[in-house]
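Thanks for sending this one over. Here are my notes, point by point, for you to read alongside the model.

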Amino acid sequence: MIDLHTHSAISDGTDAPGALINKALANGITVLALTDHDTIAGWDEALSYLRPNLDLVLGSEISCQTLDGISVHMLGLLFDPLDQQLQQTLAQTRENRYGRMERIISRLNQAGFEISMSEVLAQLSDGATLGRPHLADALIEKGIVKNREEAFSELLHNHSKYYVSHYSPTPEETIRQIKAAGGVAVIAHPFASLRGRTISSETFTTLVAAGLDGIEVDHRDHTQEQRELLRAIAMDFDLVSTGSSDYHGNGKLNLLGEFTTSIPQWEKLESRARERRVVRV
Ligand code: AMP
Ligand code: ZN
Ligand code: FE
Ligand code: FE
């Protein structure tokens, strides 16, 4: 079973990277990608827990925004961790998430919700990327909401009056940087409309021109029709079609390996990377 999109507590998942590796092995996953939001800080721990029968793909889910403000998530896989340009972009996004969180908190405070930055930061693992799920966890701890789901549906969703975006590169620029670092770029859940506005089918032309390698077709946030449309787009542009869980530990219902990528599609994707960077012990 090949699962190319998972999160650890180094972003908004709830399993430490090592625990994620152990769960992947216990669940019969054979190829796992660690794709924390805007960071590679979990790679070393994940590597140190690796054992035979699991191939590890190191990556990141990179936050992007189109020029007209649509949020896009780009999975960068198999890139060189020492590439300065890409790391600088990720660092800028992570840094910007702090000021953005302060602004969301101040909007909540003005509406009478008592929550502070230090309470949110208390929910964050060491070295992790800050995100709205940590704010959700702080609101749960204070008894303001029951769970992350309620926090997002009531207060934190993208159309909420409390919502503030953070700096993000465009999807095209992100693809170019992933490719320049020798990796492959797969657009994550492109039609997942629960989260906000999504790109149109036409946008794929510019993404492909920038070097897009694949589309995450099979994902729980896509309907059957959206999957068929995305699979057709992938075929048209000779892109790889992936399926993945977007596992977040207890942070979401998504189960490890609930959607998977076929072996031929994975081999095609891997062959598009500059070097063979899959790790196996
Ligand atoms: P941010 O990166 O700070 O904008 O927060 C977005 C993250 O929140 C996404 O990566 C999702 O994994 C997570 N998220 C979005 N909606 C929900 C939800 N309803 N329940 C739990 N997590 C969510
Ligand atoms: Zn997430
Ligand atoms: Fe995502
Ligand atoms: Fe994700």
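A word on burial first: a residue is called buried under 20% relative accessible area, exposed over 50%, and partly exposed in between, using a 1.4 Å probe and protein chains only. Please keep in mind that this is a predicted model, in which local features need pLDDT of at least 70 and side-chain atom pairs count only at pLDDT 80 or more, while totals for chains, interfaces and linings use all residues. Residues are numbered from 1 along each chain as its sequence is written, chains are lettered from A and ligands numbered from 1 in the order in which they are written, and side-chain values use heavy atoms, with hydrogens and water left out.

1. **The loop residue S262.** S262 sits in the loop between β7 (240-243) and α10 (263-271); helices (H or I, at least four residues) and strands (E, at least two) are DSSP runs, numbered from the N terminus. With a relative accessibility of 35%, S262 is partly exposed. Its side chain reaches the backbone nitrogen of Q265 at 3.3 Å. S262 and I2 are 260 residues apart in sequence, yet their C-alpha atoms are 7.0 Å apart in space.

2. **A buried threonine.** T6 belongs to strand β1 (residues 2-6), and its relative accessible area of 0% makes T6 buried. The side chain of T6 reaches the backbone oxygen of A33 at 2.7 Å. This is a polar contact, meaning a pair of N or O atoms within 3.5 Å; within protein, one must be able to donate a hydrogen and the other to accept it, and residues adjacent in sequence count only if both atoms are side-chain atoms.

3. **What surrounds ligand 1?** There are 13 residues around ligand 1, and H37, R97, R100, R132 and H248 come nearest; a residue counts as near if one of its heavy atoms lies within 4 Å of the molecule or strand in question. By class, the shell has 2 nonpolar, 4 polar and 7 charged residues. Here Ala, Val, Leu, Ile, Met, Phe, Trp, Tyr, Cys and Pro count as nonpolar, Asp, Glu, Lys and Arg as charged, and the others, Gly among them, as polar. Helices α3 (84-110), α5 (132-141) and α6 (148-156) each supply at least two residues of the shell, with the largest share, 3 residues, coming from α6.

4. **Contacts to ligand 1.** Polar side-chain atoms of H37 and R100 each lie 2.8 Å from an oxygen atom of ligand 1. For H248, the distance from a polar side-chain atom to an oxygen atom of the ligand is 2.9 Å. Taken alone, ligand 1 exposes 510 Å², and the protein buries 88% of that; accessible areas come from the Shrake-Rupley method with a 1.4 Å probe, and for residues only the protein chains shown count as cover.

5. **Which residues hold the iron ion?** The protein donors of the iron ion (ligand 3) are E61 (OE), H73 (ND1) and H189 (NE2), at 2.0 to 2.2 Å. Donors are N, O and S atoms within 2.8 Å of the metal (3.2 Å for Na, K and Ca), and water is not among the atoms, so sites may look incomplete. The spacing of the donor residues in sequence is E-x11-H-x115-H. The zinc ion (ligand 2) is 5.6 Å from the iron ion. Because E61 lies in strand β3 (residues 55-65) and H189 in the loop between β5 (184-188) and α8 (204-210), the pair ties together parts that are 128 residues apart in sequence. Both are buried, E61 at 1% and H189 at 7% relative accessibility.

6. **Backbone angles worth a look.** Most residues other than glycine have a negative phi. H189 has a positive phi of about 30° although it is not a glycine. D38 also has a positive value, near 55°; D38 lies in the loop between β2 (31-34) and α2 and is buried, at 0% relative accessible area.

7. **Aromatic pairs.** The structure holds 3 aromatic pairs. Rings of Phe, Tyr and Trp (its six-membered ring) pair if their centres lie within 6.5 Å; planes under 30 degrees apart count as stacked, over 60 as edge-to-face and the rest as tilted. One of the pairs is W43 with F79, tilted, with 5.4 Å centre to centre and 45° between the planes. W43 is in helix α2 (residues 43-49) and F79 in the loop between β4 (71-77) and α3, 36 residues apart. Both W43 and F79 are buried.
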